[in-house]
Amino acid sequence: TASDCEGAGEMFRVTTLDIDDVASLPRAKDDEGKELAGVDYAEDFFGKAAFLTVSGQLGGETHACALGDVYTFGPTFRAENSQTTRHLAEFWMVEPEMAFADLTSAMDNAEAMLKACVGDVIEK
């Protein structure tokens, strides 16, 4: 993807190119074969620049407008401003997308979901 979805401006580049050896990176070229300033990602695994986004929200929003309330569930990647070995964090997240919802309906939805989850755990 090339969308940061939530507007946080945070995406993580995914590449098989050796970015530690800048001289080995394939250079982008114009139509006449003249080297440009950027990297030619056509030679990379995905054939273009690829990123991990912070959210599955982009697809969910369009589905919510068409279908009503929808949920996405998947891995989420966050970066924290830290110098620790845990700079990049991955976790799985449920994201509800509700078209034309206000704060009260969002809170009601979160409360209903928590009640359902806790109820299922107690039942089992």
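**Terms and model.** Residues here are called buried under 20% relative accessible area, exposed over 50%, and partly exposed in between (1.4 Å probe, protein chains only). The model is predicted: local features need pLDDT of at least 70, side-chain atom pairs count only at pLDDT 80 or more, and totals for chains, interfaces and linings use all residues. Residues are numbered from 1 along each chain as its sequence is written, and side-chain values use heavy atoms, with hydrogens and water left out.

**View 1. The protein chain has two helices and six strands.** Helices (H or I, at least four residues) and strands (E, at least two) are DSSP runs, numbered from the N terminus. In that direction the elements of the protein chain follow the order β-β-β-β-α-β-β-α. Of the 124 residues in the protein chain, 19% are buried. The protein chain exposes about 9,300 Å², computed by the Shrake-Rupley method with a 1.4 Å probe; for residues, only the protein chains shown count as cover. Contact means heavy atoms within 4.5 Å. Among contacts in the protein chain with a separation of 6 or more, 49% join residues 24 or more positions apart.

**View 2. Five side chains make up a nonpolar surface patch.** The members are Tyr71, Phe73, Trp92, Val94 and Met113. Together they have about 550 Å² of accessible area. Patch residues have over 30% relative accessible area and no salt bridge; like charges are joined within 9 Å, nonpolar side chains (Val, Leu, Ile, Met, Phe, Trp, Tyr) within 5 Å. Strand E5 (70-79) supplies at least two residues of this patch, and so does strand E6 (88-97). Met113 sits in helix H2 (residues 103-123). Its relative accessible area is 33%, so Met113 is partly exposed.

**View 3. Asn109 is a buried residue of helix H2.** Its relative accessible area is 16%. Leaving aside residues up to four places away in sequence, Asn109 touches Tyr71, Pro96 and Met98. Tyr71 is also one of the members of the nonpolar patch.

**View 4. Glu111 and Lys115 form a salt bridge.** The rule asks for a side-chain nitrogen of Lys or Arg within 4 Å of a carboxyl oxygen of Asp or Glu. By this rule the count is one. The closest N and O atoms of Glu111 and Lys115 are 3.0 Å apart. Both residues belong to helix H2, and their spacing of four residues means that about one helical turn separates them. Glu111 is partly exposed at 40% relative accessible area. Lys115 is exposed at 55%.

**View 5. Asp44 is buried without a salt bridge.** Asp44 is found in the loop between E3 and E4. Which side chain of opposite charge is nearest to Asp44? It is Arg13, 6.8 Å away. Not counting residues up to four places away in sequence, Asp44 touches Val14, Thr15, Thr16 and Leu17.

**View 6. Glu43 is an exposed residue in the loop between strand E3 (35-39) and E4.** Its relative accessibility is 57%. Glu43 touches Leu17 and Pro26, with residues up to four places away in sequence left out. Its C-alpha atom is separated by 9.4 Å from that of Thr16, a residue 27 positions away along the chain.

**View 7. Leu52 lies in strand E4 (residues 50-52).** At a relative accessible area of 31%, Leu52 is partly exposed. The C-alpha atoms of Leu52 and Val14 are separated by 6.9 Å. Along the chain, these two residues are 38 apart. Val14 is also one of the residues that Asp44 touches.

**View 8. Phe100 has a positive phi although it is not a glycine.** The angle is about 60°. Phe100 sits in the loop between E6 and H2. How buried or exposed is Phe100? Its relative accessible area is 83%, so Phe100 is exposed.

**View 9. The structure has zero disulfides.** A disulfide is a pair of cysteine sulfur atoms within 2.5 Å. Cys65 counts as exposed at 60% relative accessibility. Cys117 counts as partly exposed at 41%.

Key
Lys, Arg positive; Asp, Glu negative; His and termini not counted.
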